[in-house]
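Biologist: I would like to learn how to read salt bridges in a model. Could you take me through them step by step?

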Amino acid sequence: MGSFYSKLPSSKFPSFKFACPSCFLCCTVSEGDGGESHPGEVSSKNVHHVTSMQIWETMLAQASTDGKIVVANFVASWSLPCKEIMPSYCHLADTYSSSLLFLTVDADQLAELSTSWSVNATPTFYFLKEGNQVEKLVGADKVELKKKTAFAADLVTKSRK
C-alpha cells in the first residue's frame, strides 16, 4: 500500500502523512496530480483520515474556525457495513464540503478516542458543532445518514445568515 496525504483546506496547517490502514478508507488524495487510488475504491478529497489525537484536535479547531459542522465516521477496517456505506459517505462529503467537514476515524487504531466518544459499534457517525454533539447515527443506514447530513448542512446555512 502506498502512503497518502490529507490536506486541510487552510495553508495554516501542514499536510498529514499516513499509511492507508485499509483500502476502503482511501478517500483522500495523495500529493501530486490526480492522487493515487486503489482499484475499485471510492475516493473523495473531502474525507480526511484522523490517525492521531493531534489531527483530531486540529480538524475540530479548523471546523470551528470555518463555521463548519464535523461529520466523524468511526469505522473498523474489518467491518462490512463500514465498507458498504463508504461510497455514500464520500458522495455526501463531495456534496456538502462547503458547510461540513468529513472525517474518518479507525476505531481500532484510535481506541482511546473511540472509547471517549462511546463508540460501541461501527460505523458510528457523530455530527459535532464546535466540538459538541448535534446528532449521532449508529449503523450503516444510508437514508438516515443522508437525512442527518442534510439537516447538519441546513444548520450551518441558517447560522451563517
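This is a predicted model: local features need pLDDT of at least 70, side-chain atom pairs count only at pLDDT 80 or more; totals for chains, interfaces and linings use all residues.

Biologist: Which other residue forms a salt bridge with Lys148, and how far apart are the closest N and O atoms?

Modeller: That partner is Glu135, with the closest N and O atoms 2.6 Å apart. Because Lys148 lies in helix H4 (residues 142-160) while Glu135 belongs to strand E7 (residues 132-138), this pair ties together parts that are 13 residues apart in sequence.

Biologist: Is Lys148 buried or exposed?

Modeller: A residue counts as buried when its relative accessible area is under 20%, so Lys148, at 14% relative accessibility, is buried. Glu135, by contrast, is partly exposed with a relative accessible area of 22%, and Glu144 is partly exposed as well, at 26%.

Biologist: How many salt bridges does the structure hold?

Modeller: There are 3 salt bridges, and one of them joins Asp154 to Lys158, with the closest N and O atoms 3.3 Å apart. Both of these residues lie in helix H4, 4 residues apart, which is about one turn of the helix; Asp154 is partly exposed at 34% relative accessibility, whereas Lys158 is exposed at 56%.

Terms used:
Residues are numbered from 1 along each chain as its sequence is written. Side-chain values use heavy atoms; hydrogens and water are left out. A salt bridge is a side-chain nitrogen of Lys or Arg within 4 Å of a carboxyl oxygen of Asp or Glu. Helices (H or I, at least four residues) and strands (E, at least two) are DSSP runs, numbered from the N terminus. Buried means under 20% relative accessible area, exposed over 50%, partly exposed in between (1.4 Å probe, protein chains only).
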